[in-house]
Amino acid sequence: MSEFADVFFVKHWDPEIGGRRLENKAQQGESVPEGHLRAWRIAREEVLANVLRWVRLVMTNYFAYTAKLIHEDRVLHTRLPDELWDRIGNFLDSLSRLPCWIDKNLSTTVFGPKQNLDYWEKVFEDWPVTVWNPDLGAPARSESDDPGPNEIWWRSTMKRVPNSREVAQSLKAVHSSVKQALKELNQSAGQLMAKGDYSSAEALAAKGREIREFQAQVEVLQQRWRELRGSRSASSDSKKTTTPLWAYYQPILKALAEAGGEARAVDLESSVERNLGEMLQPSDRVEMSHGRQRWQES
């Protein structure tokens with residue numbers, strides 16, 4: 001129940017106010033903090049019993065989704081995974097936002113006399129019609145835009161797209177494989193360049209640029225999938241990258257040609273920087289401890 005207490009009671013329930021004649025106070029216009037009123041109403045026996053039914057449904061839905069068999073009477077006999085706790089927290093947090101918990105006009109009807117368990121079972125199942133049905137003692141008003149427990153349950157349990165983790169892992173595997181291919185190509189191009197085979201090195205550099213473009217497309221797919229699956233990290237900044245070594249080969253070869261085929265590395269830097277152009281990333285411009293930029297040390 002700690003999750004329930006964190007959402008509804010911690011920093012909301014005031015023991016100095018308590019629950020004695022609380023609905024009467026709200027009805028008479030006395031100042032009752034909304035968080036305190038919400039906690040009082042959600043903790044009523046007949047309400048809480050139905051809330052727990054929906055929490056149980058969140059749990060059983062999760063185990064069905066993850067294809068894990070459990071004994072229906074022993075759901076809490078095993079350690080619950082963090083992802084399930086997140087879902088329960090999402091459900092309770094969304095449930096706490098329903099306007100009925102803080103509507104003081106309901107003090108004379110829905111929350112005035114003690115309602116039985118069946119009443120609240122019907123409220124939770126038929127939201128929003130039931131809670132405002134005059135035949136059940138509620139005021140006649142329309143709240144059709146308010147999400148009910150059924151919709152809240154759907155939102156919390158289906159927050160992640162089915163198989164979203166598998167798709168994300170597959171895309172990550174593709175990205176890792178492409179990165180490894182670039183690394184090996186970079187090593188091969190470096191060996192050719194060391195042997196003086198500049199034409200072959202340049203051919204590999206051209207192929208490396210094509211692979212880098214493909215890698216960028218994979219990264220776009222990864223970002224797009226994060227957005228589709230509703231990941232919290234979808235809006236986070238991607239990891240800063242530096243220009244791969246293979247991208248320097250052609251600018252260096254061009255700079256060498258301009259210098260007549262022979263020059264010191266330090267004398268080629270301005271030409272190489274110009275030839276690299278927009279390929280240089282912001283992280284390449286980071287100044288190192290000795291005053292030179294990172295790309296100059298590559």
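**View 1. Arg87 and Glu83 are both buried.** Buried means under 20% relative accessible area, exposed over 50%, partly exposed in between, with a 1.4 Å probe and protein chains only. The model is predicted: local features need pLDDT of at least 70, side-chain atom pairs count only at pLDDT 80 or more, and totals for chains, interfaces and linings use all residues. Residues are numbered from 1 along each chain as its sequence is written, and side-chain values use heavy atoms, with hydrogens and water left out. Arg87 forms a salt bridge with Glu83; their closest N and O atoms are 3.7 Å apart. A salt bridge here is a side-chain nitrogen of Lys or Arg within 4 Å of a carboxyl oxygen of Asp or Glu. Both residues sit in helix α5 (residues 82-96), four residues apart, about one turn of the helix. Helices are DSSP runs of H or I, at least four residues, and strands are runs of E, at least two; both are numbered from the N terminus.

**View 2. Glu23 and Arg41 form a salt bridge.** The closest N and O atoms are 3.0 Å apart. Glu23 belongs to helix α2 (residues 22-27) and Arg41 to helix α3 (residues 34-42), so the pair ties together parts that are 18 residues apart in sequence. Both Glu23 and Arg41 are buried.

**View 3. Glu46 pairs with Arg44 in a salt bridge.** Their closest N and O atoms lie 3.2 Å apart. Glu46 is buried, at 4% relative accessible area. Arg44 also counts as buried, at 14% relative accessibility. The whole structure has six salt bridges.

**View 4. Helices α10 and α11 pack at an angle of about 130 degrees.** Helix α10 covers residues 249-258 and helix α11 residues 265-276, with axes 8 Å apart. Axes are lines fitted to C-alpha atoms, for helices over the stretch in contact; angles run from 0 to 180 degrees between N-to-C directions. The two helices are therefore oblique to each other. Angles under 35 degrees count as roughly parallel, over 145 as roughly antiparallel, 65 to 115 as roughly perpendicular and the rest as oblique. From α10, the contact uses Pro251, Ile252, Lys254, Ala255, Leu256 and Glu258; from α11, Leu268, Ser271, Val272, Arg274, Asn275 and Leu276. Contact means heavy atoms within 4.5 Å.

**View 5. The chain has eleven helices and zero strands.** Buried residues make up 35% of its 298 residues. Among contacts between residues at least 6 apart in sequence, 64% join residues at least 24 apart.
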